[in-house]
Amino acid sequence: ALFAKMRCVPSVACQFKLVRICLSTLHRPWRIGRPWDGFMKLHWPDLPQWLHPKKSTATEKSRPSAIANPTLTRTARTRDALLGGLGSDSQTPPGVKAQPGIKAPSSSQPHEPARGVLHNITGTATNPGNLRFYEFIPANLKANAPLVVLLHGCQQNARVFLKGSGWETLAREHGFALLLGEQRMGNNPTRCFNWFQPTDTSTNGGEAHSIHAMTAHMIDAHGLDRENIFITGLSAGGAMTAAMLASFPQTYRAGAVLSGLPYGAATSMTQAFSAMMSPADHPASYWADLVRGASPNSGPEHSATTIWPRMSIWHGDKDRTVAKGNAAALERQWCALHGADPNAAEEITLPGLIHRKCLGPNGETVVESVMVSGMDHGVAIDADGKNGQAIGEAGPFFLDVGLSSTLLIARSWDLV
């Protein structure tokens, strides 16, 4: 029937024409409704350019964002107050220091992307890890604004993570910038960041080098605040977040690891699977020494002068992909780095969660850990606004538990 409608015989040329029409329909979701929204970009980003239908410039520019922007409200809740431990009482680290071999990538074209949309960053020179990068610059970007770096989980991409986690909503509302790293299937067939490969977590090359270089690029390109750079990620992205904080402690003020693992938990794929299911029971000092050895500027000889990033840890106690023992190991690792005793961490049990925090020498919160009761592997979100604020969109690995980790992490970083 389709061939007849196109007035052509079932030839190869006609089949090719049909393919182009089908792709055109999927590529322009506003023609057929939201169920196909972003299908091509979400599930087939490596589609050869010659198969893409021709774009209508006028339509593309006028197309509204597909990601919801619910209005945020500030409803004071006891649970939020208790979880806001990582606030303004923490030490402020110095500005970004140059790392050996790390330079901000240069662009061959003027860097003037449209604001308020997710923009693919191209033409950069420094990307040894061969990652994709996207930026989200809200229309109301503040002068000297903060930056949050987002790293997705396995089988995800940048758009999925931005939409599901709810970070776009907060960036639009509060005027800070987002940088999203995206893995390529050529690097890892399941699109996991290679957090377990030493060549990809070192300061001199690989994926960590690319993420750090693009962070420097964003700071320079948009005049962002060097003292307010944050990073967070889910699962493999969470483990890579821990690696970034370990390797570049001078750059990132704080980080949040969601359903992730401690730095140094594995140095091969075999070890990675083992660590995910059965984390090693090392003492806190062992875990901390792994981090101290990650950066040439943070070794034992620099331990007295290094200001370590603050750490926020979120995990589900029913996680079947990354055992919850990894959250405990991560907590021990970063508490010890800050000179705090993990065994003396303050603990509060609330409905649906257990909240722990380690205090620094001046009584400030340097590490917090949130264990969500009954939650599997993923990001804790409040998609329906059960507690008054709808943040994120439920889906695979975005679990609507009535508690938004994104919002509470942003509050702890003084972003909202």
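**Figure 1. The buried residues of helix 12.** In this predicted model, helix 12 (residues 284–292) has as its buried residues Ala-284, Trp-287, Ala-288, Val-291 and Arg-292, where buried means under 20% relative accessible area, exposed over 50% and partly exposed in between, computed with a 1.4 Å probe on protein chains only. These residues lie on the same side of helix 12, because they cover an arc of only 145° around the axis, the arc being that of the directions from the helix axis to the C-beta atoms. An α-helix has 3.6 residues a turn, so residues three or four places apart point the same way. Helix 10 (236–247) and helix 13 (325–337) are among the elements that cover the buried residues of helix 12. Helices (H or I, at least four residues) and strands (E, at least two) are DSSP runs, numbered from the N terminus.

Two notes apply to every view. Residues are numbered from 1 along each chain as its sequence is written, and side-chain values use heavy atoms, with hydrogens and water left out. As the model is predicted, local features need pLDDT of at least 70 and side-chain atom pairs count only at pLDDT 80 or more, whereas totals for chains, interfaces and linings use all residues.

Figure 2. Strand 2 (residues 132–136) and strand 4 (residues 177–182) run antiparallel and are joined by five bridges, and Phe-136 has Leu-178 in strand 4 as its bridge partner.

**Figure 3. Strand 10 and its two partners.** Strand 10 (residues 365–372) is largely enclosed by the rest of the structure, because eight of its eight residues are buried. Strand 7 (residues 310–316) pairs with strand 10 in the parallel sense over six bridges, and within this pairing Ser-312 stands opposite Glu-368. Strand 9 (residues 353–359) pairs with strand 10 in the antiparallel sense over seven bridges, and Cys-358 has Val-367 in strand 10 as its bridge partner. Five residues lie between strand 9 and strand 10, which form a hairpin, and Gly-363 in the turn has a positive phi of about 85°.

**Figure 4. The two disulfides.** The structure holds two disulfides, each defined as a pair of cysteine sulfur atoms within 2.5 Å. One of them joins Cys-154 to Cys-192, with an S to S distance of 1.9 Å, and this link is right-handed, with 125° about the S-S bond. Cys-154 sits in the loop between strand 3 and helix 6 (158–165) and Cys-192 in the loop between strand 4 and helix 8 (198–201), so that the pair links distant parts of the chain, 38 residues apart. Cys-154 is partly exposed, at 22% relative accessible area, while Cys-192 is buried, at 11%. Cys-335 and Cys-358 form a disulfide with their sulfur atoms 2.0 Å apart, and their link is right-handed, with 90° about the S-S bond. Because Cys-335 lies in helix 13 and Cys-358 in strand 9, this pair ties together parts that are 23 residues apart in sequence.

**Figure 5. The surroundings of His-315.** His-315 is found in strand 7 and counts as buried, at 1% relative accessibility. Its side chain makes a polar contact of 3.3 Å with the side chain of Asp-319; such a contact is a pair of N or O atoms within 3.5 Å, of which, within protein, one must be able to donate a hydrogen and the other to accept it, and residues adjacent in sequence count only if both atoms are side-chain atoms. Leaving aside neighbours within four places in sequence, the residues in contact with His-315 include Ser-259, Val-322, Val-370 and Met-375, contact meaning heavy atoms within 4.5 Å. Ser-259 has a positive phi of about 55° although it is not a glycine, and Ser-259 is buried, with a relative accessible area of 0%.

Note on methods
Pairing = 2+ DSSP bridges.
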